[in-house]
Amino acid sequence: MIRVAVAGSSGRMGQAVCHAVSEAPDMTLVCGVDQHPLDAHPFPQYESVDAALDAHEIDVMVDFTRPDAAPQNLRAALSRGVDCVLGTTGLGEDVLRDLASLAPSGTSLFYAPNFTTGAVLMMQFAKAAAKYFPEAEVIEYHHCRKKDAPSGTAAMTAKMISEGRDGRASSSPGKETEIDGAEGARGALMNGVPVHSVRSNGFVANQDVVFGGMGQTLTISHVSWDTSSYMPGVLLAIRESASLSGLVQGLESIMEI
């Protein structure tokens, strides 16, 4: 059995992970870590990762917290040889590499900006399309409680589009066309791709990648209606973490695509 701890266990995503792990036949939910424990949780809860590790043997820690809290959680777990699965976005590449360097050999930090299989395929399709369409923009929609903008998925999509372009640049007008008082209208330019973030009630996590070419457009869309859409990817990452080492990024790296 894989012994799992969940950091952020009282949050929306954390509760979903706790339920999924509890239902998995090859895993046991050892404990949760959260500054605001829920009375309804039937498992032990701790306010820090160190306290959880002092009390339990843990194989994998899953972190769905906040960008300001995740580094401390990961630092505590990785330094003690616990594999980590990170779903918290908003941490830079340098931060992830510095954290992974704390882990002893054979310990892994797995990070994915999105754990839905559909989102992974969307990004792969976008990279393939970028070779054939000179223009591309990303529009992402999330619930109003999301702490970072743009989303990690949008940032990764922009990076993959840039890679798929093979050095070609967009000729679409950019920030130079924004009128006074409307700065930001063209979105954030990431790897040469405009990215727009929508935050509103009514969304979980949606993204459109809009491509344009001569006389045609192509839109690739992915919609997550419920947090349950993330769980197959999270469970896959937990299962694969023991066979990984160091920093591993992207669900596509462990999916058979």
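Reader: What should I know before I start?

Author: The model is predicted, so local features need pLDDT of at least 70 and side-chain atom pairs count only at pLDDT 80 or more, while totals for chains, interfaces and linings use all residues. Residues are numbered from 1 along each chain as its sequence is written, and side-chain values use heavy atoms, with hydrogens and water left out.

Reader: What counts as a pocket, and what lines the pocket?

Author: Take a 1 Å grid over the protein atoms alone; a pocket is an open set of points where a 1.4 Å probe fits, with protein on both sides within 12 Å along at least five of seven lines. Lining residues have an atom within 4 Å of a point. A volume is the space filled by probe spheres set on the points, which are joined across faces, edges and corners. Here the largest pocket holds about 980 Å³. Its lining has 41 residues, and F64, T65, R66, T88 and K147 are the closest to its centre.

Reader: Which helices supply at least two residues of that lining?

Author: Helices are DSSP runs of H or I with at least four residues, strands are runs of E with at least two, and both are numbered from the N terminus. In this case the helices are α1 (12–23), α2 (49–55), α3 (70–78) and α6 (152–164).

Reader: How does the second largest pocket read?

Author: Its space is about 330 Å³. The lining has 17 residues, with L91, Y111, G152, A155 and M156 nearest the centre. Both α4 (93–100) and α6 give two or more residues to this lining. The largest share, 4 residues, is from α6.

Reader: How do I read an aromatic pair?

Author: Rings of Phe, Tyr and Trp (its six-membered ring) pair if their centres lie within 6.5 Å; planes under 30 degrees apart are stacked, over 60 edge-to-face, the rest tilted. This model has 4 such pairs. F64 and F115 have ring centres 5.9 Å apart and planes at 55°, so they are tilted. F64 sits in the loop between β4 (60–63) and α3, and F115 in the loop between β6 (108–111) and α5 (117–130), 51 residues apart. Ring pairs also link F64, F110 and F115 into a cluster.

Reader: Are F64 and F115 buried or exposed?

Author: Buried means under 20% relative accessible area, exposed over 50%, partly exposed in between (1.4 Å probe, protein chains only). Both F64 and F115 are buried.
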